[in-house]
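Subject: Structure handover

Hello,

Here is the structure I promised to pass on. Please open it alongside these notes. My findings follow below.

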Amino acid sequence: MAAVTGHLDDEAPFSFRQAVEALRAARVRPGVRIEETAAPRRLAPFAYALEATVLSDGEELADGRLVLLHEPGGHDAWHGEFRLVTLARAELEPEMAGDPLLPEVSWSWLTGALDARGAAYHDPSGTVSRASSHYFGGLADRSDDTQIEVRASWTPASAADAAAHLAAWCDLLCACAGLPPWDGPESSVRGAGGVLPLPKRRS
């Protein structure tokens, strides 16, 4: 079943059904596991949501959520009928946790991935946050850790390009996980221009 608000049938706008089917049919790089999930019911009349986990050697390196929103007739704040909303998060390597340029670099992973995939968009907005945990007492034997979290939204220029936006989002997750750019047969990326990866965790 589709994770949608409204119905993914003849009652749903054709453009929304087309975008959802494009997301479902999209092929992404190996190691990214994507599943449908319940979509928010108050953000738009029609919505579709996906969850993804980046895996390497059985280890979860990053996870996130992508939501496609649709407002027939357009939404003033979006300047369009569709909006993509995302959350991406991952634990950072210790040497990167204190990098003062990390927020700007992390935002460039998103915009660079969209540009590289040819996924035209406008009106982007979002935040990049990092949270550090330090353990004491009975937990003092644990190593300190820092997590990065990217929350963003943008308006796709065309819902017909939904698959390209999904591929770019997966690239963002993999960049957060510290994986190198992917240029395998499933990829339609024209290059990794503008994308600045973390130090490679996996080859």
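Start at the hairpin. Strand 4 and strand 5 form it, with four residues between them. His79 sits in the turn and has a positive phi of about 60°. Helices (H or I, at least four residues) and strands (E, at least two) are DSSP runs, numbered from the N terminus.

Some ground rules. This is a predicted model, in which local features need pLDDT of at least 70 and side-chain atom pairs count only at pLDDT 80 or more, while totals for chains, interfaces and linings use all residues. Residues are numbered from 1 along each chain as its sequence is written, and side-chain values use heavy atoms, with hydrogens and water left out.

**Strand pairing**

Two strands pair if DSSP finds at least two bridges between them. Strand 4 covers residues 59-75 and strand 5 covers residues 80-91. They are antiparallel and share ten bridges. To find your place, look at Gly64, which stands opposite Ala88 in strand 5.

Strand 5 also pairs with strand 7 (residues 145-156). That pairing is antiparallel too, with eight bridges. Here Thr86 has Ala152 of strand 7 as its bridge partner.

**Salt bridges**

There are six salt bridges in the structure. The criterion is a side-chain nitrogen of Lys or Arg within 4 Å of a carboxyl oxygen of Asp or Glu. For accessibility, buried means under 20% relative accessible area, exposed means over 50%, and partly exposed lies in between (1.4 Å probe, protein chains only).

One of the salt bridges joins Arg33 and Glu60, at 3.9 Å from N to O. Arg33 lies in strand 2 (residues 32-37) and Glu60 in strand 4, so the pair ties together parts that are 27 residues apart in sequence. Arg33 is partly exposed, at 39% relative accessible area. Glu60 is exposed, at 52%.

Asp63 and Arg89 form another, with their closest N and O atoms 2.6 Å apart. This pair links strand 4, which holds Asp63, to strand 5, which holds Arg89, across 26 residues. Both ends are partly exposed: Asp63 has 24% relative accessibility, and Arg89 has a relative accessible area of 33%.

What about Asp171 and Arg117: are they buried or exposed? Both are buried. Their salt bridge has its closest N and O atoms 2.7 Å apart. Asp171 lies in helix 4 (residues 162-176) and Arg117 in the loop between helix 3 (102-116) and strand 6 (121-133), so the contact ties together parts that are 54 residues apart in sequence.

There is also a network of salt bridges. It links Glu21, Arg24 and Glu36.

Helix 1 has twelve residues. From first C-alpha to last it reaches 16 Å, close to the 16 Å expected at 1.5 Å a residue. The expected span is 1.5 Å times one less than the number of residues.

Phe16, Ala19, Val20 and Leu23 are buried in this helix. Seen down the axis of helix 1, its buried residues fall within an arc of 100°, so they line one face. The arc is that of the directions from the helix axis to the C-beta atoms. Phe14 and Ala25 are exposed, on the face turned away from the buried side.

The structure holds one aromatic pair. Phe16 and Phe46 have ring centres 5.5 Å apart and planes at 45°, so the pair is tilted. Phe16 is in helix 1 (residues 14-25) and Phe46 in strand 3 (residues 46-56), 30 residues apart. Rings of Phe, Tyr and Trp (its six-membered ring) pair if their centres lie within 6.5 Å; planes under 30 degrees apart count as stacked, over 60 as edge-to-face and the rest as tilted. Phe16 is buried at 0% relative accessibility, and Phe46 is buried at 12%.

**Cysteines**

Cys174 is buried at 1% relative accessibility, as is Cys176 at 0%.

Best wishes
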